[in-house]
Each structure stands twice: as structure tokens, then as C-alpha cells.
Amino acid sequence: MPEHPGVADQGIAVPVATADLRDPVERAGDWQPEEAAPNRRFLFFSVLVLTSAVAAAAAVSWWLPPRHTPQVVLVGLLLAVGFLLAEQLAINIDVRGGVSWSITFCEIPMVIGLFVAPFEVVLAAHLLAGVGTLLVRKVQDRILYNAGAMVFEITSAFAVVTWVNDALAGVGPAWAGVLAGAVAAPLSSTLLALVCVRVLGRHMRLGAAVRLVARTLVLGLVNASMGVVGYQVVSHAEAGWPLLVLVMAGLSALYIAYSGLLREQRDLEALSEVSLIVARSGHQAAARPAPAIGDEGAVAEAPDTDEWQVIADRIKDQLGAARVVLRLRFDPQLPLRTIVSGDELPTDALELEAGGSRADALLRLPGSPVRHFRRADATPEIRHALARRGADEALVVPLRSGNHLLGLVEAHDKLSRWRGFGQADVRLIGTTASHLATAMDNRRLLATLRHDAYHDPLTGLLNRPGFRRTAGEPLRGHQESVVLRIDLDVPSTVSDALGYAWSDRMVVAAGRRLRDALGPDVALARLEGAQFAVLLLDTAPDEAHAVAERLRAKLAAPYPVDRLTVEATSVVGYSSPRAIEGDGTALELDVDALLQNADVALRAARSASETVRAYLPTMGQIFLRRFHLVTQFRQALETGQVKVHYQPKVALPSRQVLGVEALVRWRHPEFGRLDPDEFVPAVEAAGLVDALTGFVMDQSLIRVRKWMDRGLRIAAAVNLSVRSLDDPSFPDRVDEALRKHGVPPELLTLELTESGVMADPQRALPVLRRLHALGVVLAVDDFGTGYSSLAYLRQLPVDEVKIDKSFVLGMGTDLGDLAVVRSIVELGHSLGLTVVAEGVEDDAARDQLAGMGCDVAQGYLISRPLSESRLEAWLQARTTQARGLREETVLTLIS
């Protein structure tokens, strides 16, 4: 039969305040939550139900004819015992929305009472058993309603019995009225329960209500039929008692087996719901954005208390406990958080710890098995802990991850049985606790992974993804914002002398200084290396410049390193969203764009030897142009945009044309003629210098081969990058190119800058020696501009030196430049090297060089760099041909 609100293991149990654990989609099928029913409304409804029921009982008692029953007191006590047994043998099945459906045998003693006892006796027996059960289960707040519902059951049953008997007088069987009355009783309480559900603020759909009434009729009919059959067998069949005992024994066995299956089903559903709640909260925690600005240190985020309150409520309902307490530790550095479901927990037991002066015996339990304690037979420590909680009985299970205490689950005082907690309860709370411990451990792991994903492991600051997520939302809400890029120049000598650990300590110290200067509410990230990023909200560019200077001053303070002090400089570039707009149109704010622009400003500051610089749109155009040049360079080589020009070199003083220097030129279809100083460094930085060197060398050897075919021995000089000297396979490629074009090695000169060779002469020496062994002429370009070159020049396998044109151009006006040129000529000759002078632009310089004994001259006085066709025209117009000593044609420059 369906029972009444507030009875934990009976009928339609709709508490006044309950937490709904069901899935929203499933719940929507039958229940539509409205507003929570106030206690006053339910109290008024309960008084109304009880008053109406008493009035109806009085009317029925006056209307029914008197019935004489011998030994009426004994019959009443037996009926009370029967009702009490029926109440205690209920099978409880959960229904949606915090409502449960129970299977009881209350109709069986009611049938007996309808046959043998007067109305008043049956009513008293039913009230005695029902109200007594409610009092034992401590649901006194709903006794008025339940008592009224019980009165309505008995009243409707006797009224229907009288009506049916009068209608079937002399026609139907004598038991028909009793059967109808026994069915009417649960039907009346079911209809009253539906009204109560509405009063409690929940609405049940029509289909669900019809199904509930139908189930009530079926169960009431089955129970009533069993009671009628049992009474008829005992009353009229010979030796009916033994037969009835056998039938009841079989039904009891089925009942016990069925109730066990239902209990297992309910336990599995409860475990599934708890697991789903924790899983959903874990997914929601994973989907949350990165920690807010200023919360970089929050590793383990505590989930919403409401989620765990729902879990506590579900465990309490499933165990039928007076109170369930969850004590959870979401962060090892924080105290336990207490969540209570059911009866209020005494204040003294709210905040307890496993150690220290507030150590509690239940929190110091070793391992993670379930413990079942009763105050009567517990140790003094446990008895004191239970007394603090106001509990007589408790199930306690620690939540652990390895040796770490994650929390504790406590269930206090079983309410729904005469006995206390049983083995099924122990298994349920143990399995639930295991799920909770695993879920909490997974949440902690997830929180740690999220923290590690968005934070730098060295400094604890945000990393690049963390800065992107943290700064994205504030940027959309604050138009006046600035992003700073700070690059700390950690001296390489620190790492070389003391190891990278000390460099890392300097980076950590720099991050700490920036955090102290900016405060906890400013987004600060370490991007990589010693580079940091800062987001300044509601800050004008002028203010940002002042902040950047202040941060630089903080970072410039000496750093203590192994009993020493080291100073480090820094460069700052910053960008604001207004700089992105360019043409004045508003664009969507983008963290990556601001970071990129701030980096562009930082590199521009380095190039200009500045310390702080703001981003300007023109800076972006410069770097964008370089990007286009790099990405289009290979295509330019293939499509003929890149050409090789040649500048002649002549001997002094004979004016014989000895060779040419190959110089690359690029005419871009969009940017026009490009200077080599613009695109060659970009190509070299992009790692494309091998392609450029190979192209120039091939074109030069092709030109030399054509001259050889005409009987001319004119050499070609090709400039090399420092990167070529790092490639051990480069000499093999040179040898292959010489063989391919059939050019003698002495007609190819490879020019290397002095600074490039001297940067790491030990690494360049093996490659230079192999090239020299091939017979290729090696020249040191821009000689005189480097440092410590004289000490290494004797070790290098070079054949000639080229005096930098800056000295040659200043020879006529600067005695110092003249002295340098004379010294280089004398040094080169003393080492047996050919000396070439670049930048010869007037006759006076040429004559001075010839007077010093310089071997070769190159410059605008002789010729500008010429294309291949113009070079041929120049040779024909400016030179004369003569037969040389080796029967080759010699070209001599006409003065």
C-alpha cells in the first residue's frame, strides 16, 4: 500500500525539504518541480487532513450499526500487532523526484479487522501501530498528516464495506464487501498523497498519477485477496491453519528474496547516482576557465558545496540514517570541510581535525575499512567522539589516497528499522566511500593537471596558455589595456661558470620581483626562458611606459649568486589594443596579437639600443615585409627574380682584370629592387643561406666556364655565410660544383667575413682546411674591422685579405685610416697573402694603394656591380686583349 509523506521506508515518501538526485531528463518525464513547500503550508494542510479525518470517522462511527465482539481488547491488541508487523515488513522502492513506493501487508490485518472487529477497534489498532512506528523513527513533524491519512484509510474501508454489503445483500458472496473495503483503503491514502505532493510544491503529471493509482489498486487487491483467502481458509476449511502456515511461509521466502533483490537494486542505483554526480562535477571543474587573476597559487579547487550536499542527502536516504556527515579535505593545506545531511550536528563536532589539540578519535582511524560503533559497547575514546556528535550508533569509513587522509564518511543512528545498521548498510557505505575516495583523488589529480597545464613549473607564474586564458576575458571587458613583454638578459657567464641552476634562480627571483611590484591581482606570466608577460587593465600607454620603467628598475637590482652579486639588464616592449586598430576601426581584442606586437616592439627596442618601446603599426609592417621576403625567397630563385651581378677586380699597378666578385640582387614584383643588406640577413636567419650560396656559386661557375671557353682566365669570388663553416659537408658540395662545371679550383674564391671566422676559429678551421686542400682561394673579407684577428690570422689557411672599404674611403682625409691600410698591406705581404682593397673610388686612392704595394683594387673607380650582359659590354669597351705567358688572353683595363 502507498504510505505517507515523511516515512522513510514507506509509500510515497515526499519530505518537506529534500534534495533531488535524479537526472534532469529522467526527472522531467513525471515530475515538474515548482516552489519548495513551506512548513507552514504543510502544517496547515496536515491539521486540515486530521480534522477532516476525525470528522469523517465520527460520522461513520455514528452511521455504522453497532457490532458485538467478544474479547474485544484481545482482538484489538492482536490487530495492532498485525499492523505493526506489516509496517515493519515494508519493501521500499525509489520513485522519481525524491518519492518512494512501498509494498506492505497492511491490507491483511485490515481484512481480518473488517471481518471480526468493530470500526473503533480497528481504527485504534491501526493508529497505535502507525503512530508508534513514526515516533520510533523520529518523524514527529509529520505525525498529524500521517495520523489523518490512517484515519481516512480505516474510515473509507468500513464505509465501502457497508455500502457494498448493502448493495449485494443476498446476491454476492459475504466477503465481497470486505475485499472492496480493503482495496479502497490504500486507494484513499494514494489520492490523499497526490494532493500532499501538490501542497509540497511538486506537480505530478497525469500519466504518472494514473500509473500510481493503478499500481495501488493492483497491490491492494493482491494483499486484500490474500487476507480474504486466509480468513476463509481458517474459518471454513478443515485443518486450515497448517495450510495457511505453509502458504505464508512460501510467501515470506519470496518476500525475503524479493526484498533482497530490491535492496541491491536500490544500492546500485544510489552508487550510480553518487558516481554520476561526482563525474559531472569533475567534468564541470575541467571545463571551468583558468584560475582568475591573482589565483595562480590555487592548485586544488574546492568544488561547490551543493554537489556534495546532494551526495550526503542521497547516502542518508539510502541508509535510512538520522544524519550523514561528510568531512572532506579538498586541499592538503586547508582544514576539513564538513557537510551535514539530516539532523543538525552539534557545534562542538563541526570543526574537527585528525591531529593536534582538536584531534578526534574517529578521524584517527587507520586504514580505510568500515567501522561500526555503538556507544554502549565502544571504547572510552570512541564513546566520547559519539557523544560529541550526539549519536548512539555510527558507521565510519575513512577516505584515503595512499597514506593521505582525504576525508571521512559518517552515518549516525539508523531510523528505518527496529534494529541498527546491518551488513547491507556496511557494504553500501563502504562501496560508496570507495567511489568517493577515487572521485576525490581524481579531482585532485585533475586540478593539479589543470594547474600544471596553465602554470610555469619553475616560477609558479602563468605560462603562455595560462596567460592566454586568464587575460582573454578581462581584455574583452576593458578597452584600455596594455600587454608588456619583458626580456631579462641573464648573463651567460652565470650558466657557464655555475650551471643552469643559478640562471634558473635568477629567473625565479625576477618573477618574484615582478609579482611584488605588480601585486597579486595583475596577470603575470613567464613565457619562456627569461621572458615575462604582463597584462595591465585600464591603463593608458603613458602609464604603461611608467610601469615598464619601474619594472626595469626592479629587475636591475643586483642578484645574489653564490656569494657574489650579478647585474642583469632588461628590455620591455608593450602594445595596446588601440595600436592594433591601425585605420581607426575597432577590432576584436586578441591576446596573441598583443603579445606578438609587444614582442615586435621589444625587438625594435633592442635594434635601436633602447630599453622601453611601444608598438607602432609601422613596426609590424617591417617584420611582415621580412616575413614575406623569407617565405618567397625560394620561389624567387626559381622564377629568376634573383640575379647575380659582378664587380671587376684589377691588379695594381698592371691594371690586369683578374676576376670579379659575385653579388646577389633581387628585384621583387611588389617591393621593387631590394638591397642585399635587407634580405640576406633575413634569409640567413631563416636557414636558407645554403640555397642562396649554392645559387650564387653555380651562376658564378657558369660564367667562369664561359670565359674559359673563350680563352679567358677570370676568377669569381663568392661570399660565404658563417653557417656554411658549420656544415662539414660544404667542402664536398664545392668540389661537386667545380667538377660539374669543369672549373679549376684556383678560379673560385670564397670570401669569409673576419668577424664570422674569428667568432669561433676552432670550429671553422676543419672546413677551411678542406676547402684549401681543394685548391680553392680563401679570402678574409672586411679585414680590419674585427678583433683579435692578428693572433689567429697565421693559423687560418687563407690566401688573401680584403681591406674593408671604410678604411680605403677615409685614406685621403684620415691619417689613421691611411696607417691602418699600410699596416694591413705590410702584414699581408709578410704572411705571403694577396692584399685586395675594396672601396677604391678615386685615382688618388688607387695611386696610394699602388705605392704601398697593394695587389688588387676593387671599387666604383673601376666599375659598379654589373649584370652579366652589361659586364660583357664593359669588358669589350674598357679593356684591351693581349696574349699572356700561358697562351691565355689577358684583359687590361684602359685608364
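**Notebook: sheets, helix pairs and a few single residues**

I began with two neighbouring strands, and I found that strand E8 (residues 393–401) and E9 run antiparallel and are joined by 8 bridges. Within this pair, Ser401 stands opposite His404 in E9. I noted for myself that helices (H or I, at least four residues) and strands (E, at least two) are DSSP runs, numbered from the N terminus, and that two strands pair if DSSP finds at least two bridges between them.

Before going on, I wrote down that this is a predicted model, in which local features need pLDDT of at least 70 and side-chain atom pairs count only at pLDDT 80 or more, while totals for chains, interfaces and linings use all residues. Residues are numbered from 1 along each chain as its sequence is written, and side-chain values use heavy atoms, with hydrogens and water left out.

**The sheet around E9**

I then looked up the sheet to which E8 and E9 belong, and it is an open, antiparallel one of 5 strands in the order E6-E5-E9-E8-E7. E6 and E7 are its edge strands, each pairing on one side only. From one strand to the next the twist averages 15 degrees; for such angles, axes are lines fitted to C-alpha atoms, for helices over the stretch in contact, and the angles run from 0 to 180 degrees between N-to-C directions.

Which strands does H11 touch when it packs on the sheet? I found that H11 touches strand E5 (321–328), E7, E8 and E9, and that its direction makes about 80 degrees with that of E7; contact here means heavy atoms within 4.5 Å. Helix H12 (residues 423–454) lies across E5, E8 and E9, and runs at about 30 degrees to E8.

**A salt bridge**

The structure holds 32 salt bridges, each being a side-chain nitrogen of Lys or Arg within 4 Å of a carboxyl oxygen of Asp or Glu. I looked up one of them, in which the side chains of Asp360 and Arg388 meet at 3.6 Å, N to O. Asp360 lies in the loop between strand E6 (337–342) and strand E7 (371–374), and Arg388 in helix H11 (residues 380–389), so the pair ties together parts that are 28 residues apart in sequence.

**A mixed sheet and its helices**

Next I turned to another open sheet, in which 5 strands follow the order E11-E12-E10-E15-E16 with mixed pairing. Its edge strands, each pairing on one side only, are strand E11 (523–528) and strand E16 (612–614). I reminded myself that strands of a sheet pair through backbone hydrogen bonds, either parallel or antiparallel. Strand E10 (residues 481–489) and strand E12 (residues 531–537) run antiparallel and are joined by 7 bridges, and Asp487 stands opposite Gln531 in E12.

Helix H13 (residues 464–477) lies across E10, E11 and E12, running at about 10 degrees to E12. The axes of H13 and helix H18 (residues 591–607) come within 9 Å and cross at roughly 115 degrees. The two are therefore roughly perpendicular to each other; angles under 35 degrees count as roughly parallel, over 145 as roughly antiparallel, 65 to 115 as roughly perpendicular and the rest as oblique. Among the residues that meet are Phe467 and Leu475 in H13, and Val591 and Leu594 in H18.

What is the angle at which the axes of helix H5 (residues 119–136) and helix H6 (residues 143–167) cross? I read roughly 155 degrees, with the axes coming within 10 Å, and H5 and H6 are therefore roughly antiparallel to each other. The contact includes Phe119 and Leu123 of H5 and Met150 and Phe158 of H6.

Helix H28 (residues 815–830) and helix H29 (residues 843–852) pack at an angle of about 40 degrees, with their axes 10 Å apart, and are therefore oblique to each other. Their contact is made by Leu818, Val821, Arg822 and Val825 of H28 and Gln848, Leu849 and Met852 of H29.

**A cis bond**

My last entry concerns the peptide bond from Leu652 to Pro653, which is cis, with omega near 0 degrees. I located Pro653 in the loop between strand E17 (642–651) and strand E18 (657–668).
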